[in-house]
Amino acid sequence: MTRSVLIAYYSWSGNTRRLAEAIYRLTGGTLFEIVPATPYPADYDETVRQAREEIRRGYKPQLKSRLETIEPFKVVFVGSPNWWGTIAPPVASFLSMYDFAGKVVAPFFSHGGGGLQRMLTAVKQLCPRSTVLDPLVVYEGDVDRAEELVGAWLKRLGIERYLGP
Ligand SMILES: Cc1cc2nc3c(=O)[nH]c(=O)nc-3n(C[C@H](O)[C@H](O)[C@H](O)COP(=O)(O)O)c2cc1C
């Protein structure tokens, strides 16, 4: 049943990855890291500056690799850090590359105190014909509890009913 699950995420400093890995441990499926063709700088302030400019321009960077198809996946978990109140540009690229119509999209986010802000709106705009579930929103200081938080979220969503046979 987990063949129908895709977990795709971008993570600059590892927090969103922790959430993705916890989802993977609990649901199985395919774990896919979204990697920009040109990596962001290692320096935090430089990345913050570059991200601000990219988001202002609505820039969607090229990605290093793409999935051949997303056809077989019924449930797509999509993870992003909060960057300037919205999803990171590589995640916007990823969501623009495929047609998610008819699929269930389950967003998960990590943030540094700003919370959800415009992240869910951004996902919904890029997946207009998908069922977008209530997101998981985790503060960066709480990622040590990833498994517990993810488990509670999946239970709240009643995820089994979306996985099907
Ligand atoms: C470029 C950049 C911009 C960020 N902007 C925000 C923001 O607007 N609001 C917020 O709450 N956190 C912001 N953060 C903090 C991250 O969302 C937070 O540390 C997150 O857990 C990082 O996830 P990651 O480790 O998967 O990259 C920003 C971080 C970076 C690098």
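Asparagine 82 is found in strand β3, where strands (E, at least two residues) and helices (H or I, at least four) are DSSP runs numbered from the N terminus. Asparagine 82 counts as buried because its relative accessibility is 15%, and buried means under 20% relative accessible area, exposed over 50% and partly exposed in between, with a 1.4 Å probe and protein chains only. A polar atom of the asparagine 82 side chain lies 2.8 Å from the backbone nitrogen of glycine 85. That pair is a polar contact: N or O atoms within 3.5 Å, where within protein one must be able to donate a hydrogen and the other to accept it, and residues adjacent in sequence count only if both atoms are side-chain atoms.

A quick word on the model itself. It is a predicted one, so local features need pLDDT of at least 70 and side-chain atom pairs count only at pLDDT 80 or more, while totals for chains, interfaces and linings use all residues. Residues are numbered from 1 along each chain as its sequence is written, and side-chain values use heavy atoms, with hydrogens and water left out.

**Around the ligand**

Glycine 85 turns up again at the ligand: one of its polar backbone atoms is 3.1 Å from a ligand oxygen.

Where does the ligand sit? It sits in the largest pocket. On a 1 Å grid over the protein atoms alone, a pocket is an open set of points with protein on both sides within 12 Å along at least five of seven lines, and a molecule sits in one if more than half of its atoms lie within 2 Å of its grid points.

The shell around the ligand holds 22 residues, the closest being Ser11, Ser13, Asn15, Thr16 and Glu140. By type, the shell splits into 7 nonpolar, 14 polar and 1 charged. Here Ala, Val, Leu, Ile, Met, Phe, Trp, Tyr, Cys and Pro count as nonpolar, Asp, Glu, Lys and Arg as charged, and the others, Gly among them, as polar. At least two shell residues come from each of α1 (15-27), α2 (44-57), β3 (75-83) and β5 (104-111), and α2 gives the most, with 4.

Most residues other than glycine have a negative phi. Tryptophan 84, in the loop between β3 and β4 (86-87), has a positive phi near 55°. Tryptophan 84 is partly exposed, at 41% relative accessibility. Glutamine 117 also has a positive phi, about 45°, and its place is in the loop between β5 and α4 (119-126). With a relative accessible area of 44%, glutamine 117 is partly exposed.

Arginine 118 belongs to the loop between β5 and α4 as well and is partly exposed, at 45%. Histidine 111, in strand β5, is buried at 11%. Over in helix α6 (residues 160-163) you'll find leucine 163, which is buried at 3%.

| Residue pair | Separation in sequence | C-alpha to C-alpha distance |
|---|---|---|
| Histidine 111 and alanine 152 | 41 residues | 18 Å |
| Tryptophan 84 and glycine 158 | 74 residues | 31 Å |
| Leucine 163 and isoleucine 55 | 108 residues | 33 Å |

Technical notes
Near = heavy atom within 4 Å. 1 Å grid on protein atoms, 1.4 Å probe; cavity = no way out; pocket = protein on both sides within 12 Å on 5 of 7 lines; lining within 4 Å.
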